[in-house]
Amino acid sequence: MPVFPSTEWFQQVADLAMADETYRKFGRVDAIVGFRVGERTFSLVFDVFEIRDAREIDDDELRDLDFYLEMEPARWQAMIEDIKQNDGAGLNCTLNTLDLKLPNGLAINALGDGYRMDKFFRFNQSLQRFFDLSARLDTTFALPAPAAGD
Amino acid sequence: MVQERANDQPPAEPPVLPRPDLSWKSMTIQWGTRAKVHPQGGLTLGALNVGAYAEIPDYWEDRSRMPRGAFSPPGTVGAPVGGYYLRNKSDFWAENAAELYEEAISRRWSSADSIPWAACRGLRDDVELAICQVATELSQQASIEIEVVSSWLQLMSYGYHEVKLFLATENFDAGRHFEVFRKRAMVNGGGLGFESPGQVNRLLLESRAGWTETSLLLHLLRGTFTRTVYRYLAARAPTPVELLIGRRALQDTSRHIAYAMQHLKYAVNHVTGLTRNLNVGLAQAEAIVGRDDADPVLWEALACVFGGGVRGMDEGMQIVARLRCDYVRDYLRCLDWIGVDRRSSLAPNFAALLVG
């Protein structure tokens, strides 16, 4: 069973998305995206319909990302469990809902580049579908410590 | 009979054809220049900008419809057909236009069959009425967007076709937004509500200083507001129908804003004194927004939607206050990126929204 967060977990969801007709129907994506879970960060390259280069990155690589999604570990777990339970995010756990709930928003560009950060909005439906597909995994959780300030 | 007479005639000499000119065969800038096909993304508009075809001049001399890289007929100087007054690259260029065009084509959607219309049945009357009012205003905003973009599109010269093509997709997007919100107003029998007071609409339609100034007003002043409403609908909609409409319209509008940000940054960096002019224009425009904002209809309708009905309007109004604050933050964030500082001279009505 894939463990969240891990490179394997993100790779498995990426594989599901690349094979998913609905994901492809939402159209091409061009973004380098990070997922920050406590002190750990993973990145993926969304290149047209391919999703590649799943890996864990260091903090000094955050600047290379168009944006990263940051939540405290418990909130990540709640979102993924909600997706599993509802076969897709319920209204309280969509990326948009979480974005408005968090004081600094969900999507962050490390350098404060608003143009690159806006890709979160431009490819919003595809990113939501990406996470919704995690409902097909039997995820187990090994949550890292919250990041400083969480 | 006709056939018999024809048979009596001697065979006709074959007509003497003029010798082929074929001079057109040498008329190519760079024979052998091939655009590369991306293994995943296919042959994109941006990939055509290769070799000599990648040279995009700062000023486009020609006032005809001649495509960039083509030739006028020998002996003529690109027969002007009138119009095409915008010929400076800084008038409307954006580096991301070709990329955004492909994105728009690939991520298109149809409101007829992409929205689960049956899923918005059964709302309480007060919420249904409120949604219809919100849909009326968003639909009207989209129709204004079509008219504004269309009126400028015909003035843009053919030397920068990437932008013309992208803006054509914006018109299609805005057309889709017009009809999807009109459909939402009509689908449950609620129908259309009040139109907006229209001061900002008029400002957009009558903006004549230039496309750059118009894009600033259309995409950053109005566009970031519309985007914020879409974000809130995508997060707090009463049914999956408004949620999906909000999410998909959010993507489209963010593309339009992305174009504007790149264009405005390019223009600010290439036109002396433009930053000051944009600042002055925005100071006036923010005050005009205040006149529309004084009308309570949209705020009350949104509060009713977010609060779950008239009884929840107090809570709904708090959410509307956050929406309006988020709008001003988004607006300022985009302006920061293009290099226009409004924070130090923000209109009082905008500044008040930031502090709640």
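Start with the whole structure: a search over all chains finds 34 salt bridges. Keep in mind that this is a predicted model.

**Stop 1: a salt bridge inside chain A.** Select Arg36(A) and Glu70(A). The two form a salt bridge, with the closest N and O atoms 3.2 Å apart. Now colour by secondary structure. Arg36(A) sits in strand β2 of chain A, residues 29-37.

Stop 2: Most residues other than glycine have a negative phi, and most peptide bonds are trans. Go to Phe4(A) and Pro5(A) and show the backbone. The peptide bond between them is cis, with omega near -5°. Pro5(A) is in the loop between β1 (3-4) and α1 (7-18) of chain A. Next, select Val48(A). Its phi is positive, near 60°. Val48(A) lies in strand β3 of chain A, residues 40-48.

**Stop 3: the interface of chains A and B.** Show both chains and colour them separately. How many residues of chain B are in contact with chain A? The count is 32 residues of chain B, against 28 residues of chain A. The size of an interface is often given as the accessible area lost when the parts come together. Here the buried area is about 2,700 Å², and carbon and sulfur atoms give 51% of it. Pick out Gln40(B), Arg107(B) and Arg247(B). These supply 23% of the area that chain B buries against chain A, more than any other three residues.

**Stop 4: polar links across the interface.** Five salt bridges are found between chain B and chain A. For an example, select Arg227(B) and Asp118(A). Their side chains meet in a salt bridge, 3.2 Å from N to O. Polar contacts across the interface involve 18 residue pairs.

Which helices of chain B each supply at least two residues of the side that touches chain A? Select α3 (97-106), α8 (211-236), α9 (240-270) and α12 (313-338) of chain B. The largest share, twelve residues, comes from α9(B).

**Stop 5: α7(A) against α9(B).** Two packed helices are described by the angle between their axes and the distance between the axes. Select α7(A), residues 124-132, together with α9(B). They pack at an angle of about 125°, with their axes 8 Å apart. The two helices are therefore oblique to each other.

Now show side chains. From α7(A), display Asn124(A), Gln125(A), Ser126(A) and Gln128(A). They meet Leu244(B), Arg247(B), Arg248(B), Leu250(B) and Gln251(B) in α9(B). The residues of this contact divide into two nonpolar, five polar and two charged.

Technical notes: Residues are numbered from 1 along each chain as its sequence is written. Chains are lettered from A and ligands numbered from 1 in the order in which they are written. This is a predicted model: local features need pLDDT of at least 70, side-chain atom pairs count only at pLDDT 80 or more; totals for chains, interfaces and linings use all residues. Side-chain values use heavy atoms; hydrogens and water are left out. Contact means heavy atoms within 4.5 Å. Buried area is the accessible area (1.4 Å probe) that two parts lose on being put together, summed over both. A salt bridge is a side-chain nitrogen of Lys or Arg within 4 Å of a carboxyl oxygen of Asp or Glu. A polar contact is a pair of N or O atoms within 3.5 Å; within protein, one must be able to donate a hydrogen and the other to accept it, and residues adjacent in sequence count only if both atoms are side-chain atoms. Helices (H or I, at least four residues) and strands (E, at least two) are DSSP runs, numbered from the N terminus. Axes are lines fitted to C-alpha atoms, for helices over the stretch in contact, and angles run from 0 to 180 degrees between N-to-C directions. Angles under 35 degrees count as roughly parallel, over 145 as roughly antiparallel, 65 to 115 as roughly perpendicular and the rest as oblique. Ala, Val, Leu, Ile, Met, Phe, Trp, Tyr, Cys and Pro count as nonpolar, Asp, Glu, Lys and Arg as charged, and the others, Gly among them, as polar.
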